[in-house]
Amino acid sequence: MDFSIKAFDTKNTLAAAKSGCIAVAVYENKKLSAAAKALDVNGDISAALKSGDISGKPGSTLLLRGVAGVAASRVLLVGLGADEVVSEKSFATGVTAALKVFSTLGAADAIIAFPLDSVKERDANWALRALVIGASDAEFRTDGQKSKKDPAIAGVRKIVVAAPSAGLDKAALTQAAAIANGMNLTKELGNLSPNVCTPTFLATTARKLADDYGFDIEVLERKQLEALKMGSFLSVAKGSDEAPKFIVLKHNGGKAKDAPVVLVGKGITFDTGGISLKPGPGMDEMKYDMCGAGSVLGTFRAIGEMGLKLNVVGIVAACENMPSGRASKPGDIVTAMNGTTIEILNTDAEGRLILCDALTYAERFKPAAVVDIATLTGACIVALGHHTSGLFTRDDAAHDALATELLDAGKQAGDVAWRFPLGEIYNDQLKSNFADLANIGTPGAASITAACFLENFTRKYTWAHLDIAGTAWKSGANKGATGRPVPLLTTFLMNRV
């Protein structure tokens, strides 16, 4: 979808604009938005609203053809709810409804003249980003591996966004497109079958990103990981015939002396649970266990496209978790990169075993902050469902500030997170009689004890953990990766600039 911005004088030039369709907002109280009033030259729109042909409820639509005094071939009325101060949800519902109608039209272009500056507690640039990302999501295809592709997307391919009186920042359009493209990469990687999206495939994808956007890249192989003594990571990888890959991307957008922000992604490209085998039903969805890694690569795609003026390092620890004669067994004790010994009580708690070595590796960059992203625990879904990601960090001034940054970025982006507690009272649940740590805790607070495990490897820098088990993908009829938390992460980095 091709987007552009244009200022219209709603008193006359909007009605004179030649287009296949103009979408304008109406409300449940039978009021017209300013743009709708500008098109109501002969009262056709008012009459349609008064007739009850459209309720004005969020997402309701009515397509009018040949409206008197309007140069556009069609006018699409879209309901945005009861109040002229529109809620985020109502706006998003209206955008989705308009785009759905656009896809059915015999027109190649359209104008969206929504009240972008009337969304509650949001500015017009937020609404523009929501519109662009919504359009990208609506046209995203999942048929890449089908022998017979789905029908080609028809209808409107070019959209002009009518700028409100306050105007729009054209940079917001560029940023929105970059975030949408980053989300699409994350979704594509997540949706690919696990026999295609292997650790090697992730490394190849990272190399292409480096070529396209000038990132520095290094991919560490098994022998290098052995030399670094990453015994915890390798304990997960050894059960699979697929070679592990440890991917390091560097976006050098800031000053050379500036400490980078480091993003660390869990890249389990398929998780059987290992010897602690998962149940068969639904196991196909364990191809999504690399969505933390996918979100790091998607975020790099976004910041590379927008040329973000910040130093960012991306680390992806990628392998499969498979059962075999070589696989780790419950009761095994392994030694992490920093010398910590870990008793593996459950081989299905493998994400933390690869992340802990990646978090130790991150120390060498002397980071300004480190954020790890992982589909880590089913318990996070129990706590927060599929709407909100879990955020975990220490309780002190520096970490409180980092948590606030991430939570605010999530709110800005509509990709929200919620903060959980940490502390020694939970860390005590990870005690082992035979090693420094157990890889699972005693019953209760499973998401928190998982984060506490990671916290043991992050004490030399400011760190936060995002558990995206509930938000990275959808199950059921609409099964697929969501692209989250690319909007949160990218907005967090943009705010740092």
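This is a predicted model: local features need pLDDT of at least 70, side-chain atom pairs count only at pLDDT 80 or more; totals for chains, interfaces and linings use all residues.
Residues are numbered from 1 along each chain as its sequence is written, and side-chain values use heavy atoms, with hydrogens and water left out.

Helices (H or I, at least four residues) and strands (E, at least two) are DSSP runs, numbered from the N terminus. Let us begin with an open sheet of six strands, whose order is 1-6-5-2-4-3 and whose pairing is mixed; two strands pair if DSSP finds at least two bridges between them. Strand 1 (2–7) and strand 3 (61–65) sit at the edges, each pairing on one side only. On average, neighbouring strands here are turned by 25° against each other, direction ignored. Strands of a sheet pair through backbone hydrogen bonds, either parallel or antiparallel. Strand 1 and strand 6 (residues 158–163) run parallel and are joined by six bridges; Ser4, for example, has Val160 in strand 6 as its bridge partner.

Now look at helix 4 (residues 88–102). This helix lies across strand 2 (22–26), strand 3, strand 4 (74–79), strand 5 (109–113) and strand 6, and runs at about 150° to strand 4. Axes are lines fitted to C-alpha atoms, for helices over the stretch in contact, and angles run from 0 to 180 degrees between N-to-C directions.

Helix 4 also meets helix 5 (residues 124–138): their axes come within 10 Å and cross at roughly 45°. The two helices are therefore oblique to each other, as angles under 35 degrees count as roughly parallel, over 145 as roughly antiparallel, 65 to 115 as roughly perpendicular and the rest as oblique.

Four bridges link strand 14 with strand 15 (residues 417–420), and the two run parallel. Leu391 has Arg419 as its bridge partner in strand 15.

Our last stop is helix 16 (residues 486–496). Nine of its 11 residues are buried, so helix 16 is largely enclosed by the rest of the structure. Among these buried residues are Val486, Leu489, Phe492 and Met494.

Methods. Contact means heavy atoms within 4.5 Å. Buried means under 20% relative accessible area, exposed over 50%, partly exposed in between (1.4 Å probe, protein chains only).
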